[in-house]
Structure formats: C-alpha cells, structure tokens
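Reader: Could you walk me through this one, starting with the overall fold and then a single residue?

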Amino acid sequence: MLSVIIPVYNNERYLITTLSHIRNAKYRDLEIIIVDDGSSDKSLDIAYKIQKEDSRISVYSKENGGVASARNYGAGKATGEYLCFADQDDIVEPDMYSSMIDRLEQDASDICICSSGKLIKNEKYPFDIQDNALYIGSEIKGNLIYPIIFESFDAPIKYKKVRHDPQIWVCVFRRIFWEKNKICFRNYVNYEDDLLVKIESLSLAKSVSTLPAIGYYWRIHTKSESGSIRYIENIGQKQDKTYQDIINSVKNIEADENVLFMIRQVIFCKQYIDAIHYLMGAKRKNIEFIKNYYNVNIYNRNFNESIRVIKYLNTKRIRWKILFLLISHKMTLLSFISEAMINWVEGRRRKVKW
C-alpha cells in the first residue's frame with residue numbers, strides 16, 4: 001500500500017481536481033491522507049465530502065502550523081509500505097504510482113524519483129527530467145545530490161552537469177527507510193523544506209531509482225492567483241540553519257574539505273539572492289532599513305569568502321549575474337533597485353504570456 005500525504009490550506013478551488021487524479025491512479029492500493037492545516041475556506045468541507053465517496057481517504061484537521069508541520073503530521077499517520085507527498089493543487093499522472101512502485105520492487109531501492117512537468121493554464125510543459133537509472137552508493141552523490149546543490153553553477157568537481165530541482169513530490173519512499181532514519185520536514189524553514197528533506201534522504205539512501213516518464217505536474221499560478229512576494233522575518237538566521245542542515249547531511253557522503261568549502265560558498269551565495277528577493281515583500285523599505293537588512297543578512301554572513309564562487313556561475317542566469325556583480329562591489333541600493341526592476345519586467349512578461 002502507498003500512503004499519499006496531502007497538506008491542505010485554503011484550496012477550495014483545486015482540491016477536487018487534485019484528489020480526482022490521485023483517486024483515479026492505476027495503482028489502486030492507496031491510503032490518501034488529507035491534513036487540513038486550519039483552512040478558513042471550504043477546503044475541509046470538500047475533503048469530508050469526498051471522504052464519504054472513497055474509503056481510502058482519511059481526513060485530519062489541525063491548527064495552522066505550515067506545510068512542514070502538516071506533512072510531518074500526515075507521515076505520522078501513514079501505514080503503507082510506501083510513502084509519498086502531493087501538493088494540494090497539482091496533478092498526478094495515472095501511471096505515476098504504479099510505475100514508481102514497480103521500480104522500487106524491481107530494484108529494491110529506498111527511493112524512486114520520477115520526472116516532472118509544469119502546468120500553466122492547463123498546458124503541460126516538461127520541467128525536471130530524470131534518466132532511466134539505478135544509482136547505488138556514491139553514484140547518488142554525483143548524479144542526484146550535487147546537481148541540486150550546485151544548480152546554476154559549474155563547479156570544478158566531478159558530478160553530472162544537469163539541472164535537478166529539490167521538490168519532494170516526485171519521490172516515493174519506502175516507509176521503513178523514512179521512519180528508520182527519522183526523516184522529517186523542518187519547522188524552522190518556511191520556504192526550503194523540500195530541499196532539506198531531499199538532500200537528507202538522498203544522502204542516507206543506499207540506492208535510488210529514477211524514471212524518465214513525467215509523473216507529476218506542478219501547477220504554476222499567475223501573479224493574480226499567487227499573490228505578492230512574502231517578506232520573511234530573520235531570514236539570515238533561518239538561512240544559517242538551512243546551511244547547517246544541508247552540510248550535516250552532505251558530510252554523510254563527502255569527506256573532501258575543499259568540496260565542502262565550495263558547497264558552503266554556493267549555498268551562501270544562493271541565499272544572498274533569496275534574501276534580496278524576499279526583501280521586496282517588506283512593507284517598510286527606506287534607505288536605512290535596506291542597508292541594515294543587507295548588512296545583517298548578506299554582508300555579515302561569510303560574504304567575502306563566499307562571493308568568490310560567482311566565477312563559476314552559469315551564464316544562463318543573467319539576473320543572478322547582475323545582482324552578484326552589484327553586491328560583490330557592495331552596491332546595495334543599486335542591487336535593490338535592479339531586483340525591483342527585474343521583478344517588474346518578469347511580472348509583465350508572464351502576464352503577457354499567460
């Protein structure tokens with residue numbers, strides 16, 4: 001049996017569609033666990049209604065604690081041999097679960113990862129495509145972990161130079177593997193929980209199967225649906241915990257101090273970009289506030305040693321190159337203005353495209 005965990009929060013618009021795709025999967029031996037995380041709309045009512053139609057569905061309601069909390073709660077209720085997660089508004093292909101469990105049983109692997117696509121206004125596009133492979137032991141590091149960590153950088157170490165994203169919903173885990181290693185989503189992180197769990201689980205796995213078929217589509221919302229950028233309080237402190245979490249996982253598989261140092265540089269540089277981006281959501285953005293924010297969350301966080309790694313930045317990331325060039329010279333206000341302008345231009349372009 002496969003336990004599918006679905007955290008739900010104010011999703012009355014898409015919940016029926018998402019559940020319909022999961023319920024109609026060709027793999028029938030499902031335990032569908034819906035965790036309502038304190039919704040204020042009709043999501044919980046919809047979940048209870050559908051539960052009456054399908055005995056495989058269990059519905060739980062809890063106070064709002066965020067997606068990490070809801071996922072952990074759901075995983076604690078799971079009884080299936082296998083475990084996976086789905087987001088409340090995404091689409092699962094009919095063959096996804098059956099294909100992944102067949103591979104888990106065939107390869108005796110700990111985790112199976114399928115390919116994913118994007119769903120934009122009901123149009124499907126390829127996104128993160130995996131090979132048809134079985135990775136064992138140290139092969140996991142170079143083929144699955146480092147492509148996530150070094151994404152957008154051409155680091156001078158041996159690993160497969162492909163793009164892989166950290167989303168957890170493309171994974172099916174053996175539940176005994178999940179529970180034995182006490183894997184859980186981190187409550188102190190409110191925007192990188194997938195990354196932490198994926199790096200941790202891959203670093204602990206003895207073997208991982210991958211599939212080239214797209215099994216999961218990630219629904220991309222337009223600006224009007226997804227809302228504005230959300231400001232994150234104390235982002236630098238949370239990013240420090242994120243870094244420490246990742247490096248603790250990587251140390252399970254990597255002993256080379258030079259590689260660990262480069263990982264540190266890359267993670268911090270990516271966090272600087274994130275910090276600038278989330279600053280856009282702050283209500284108060286006067287010059288003094290902006291300069292203090294940069295000092296606390298960027299310049300005083302291993303900046304001088306980490307910024308050197310931008311020479312390995314992939315040239316396709318033009319936005320990053322602009323911002324890194326400016327902050328490397330500590331051109332604080334200009335980098336802030338540039339980010340604001342880039343966001344505006346990208347928003348207009350998406351609006352025209354969609």
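**Overall fold and one arginine**

Author: The protein chain has 14 helices and 10 strands, where helices (H or I, at least four residues) and strands (E, at least two) are DSSP runs, numbered from the N terminus. The radius of gyration of the protein chain is 21 Å, close to the 20 Å of the globule rule for 354 residues, so the chain is as compact as a globular protein of that length; the radius is taken over C-alpha atoms, and the rule is 2.2 Å times the number of residues to the power 0.38.

Reader: What kind of model is it, and how are things counted?

Author: It is a predicted model, in which local features need pLDDT of at least 70 and side-chain atom pairs count only at pLDDT 80 or more, while totals for chains, interfaces and linings use all residues. Residues are numbered from 1 along each chain as its sequence is written, and side-chain values use heavy atoms, with hydrogens and water left out.

Reader: Switching topic, where is Arg 163 placed?

Author: Arg 163 sits in the loop between helix H5 (139-149) and strand S9 (171-174).

Reader: And how exposed is Arg 163?

Author: Arg 163 is partly exposed, at a relative accessible area of 47% (buried means under 20%, exposed over 50%, partly exposed in between, with a 1.4 Å probe and protein chains only).

Reader: What is Arg 163 in contact with, beyond its sequence neighbours?

Author: Leaving aside neighbours within four places in sequence, Arg 163 is in contact (heavy atoms within 4.5 Å) with Phe 127, Asp 128 and Glu 151.
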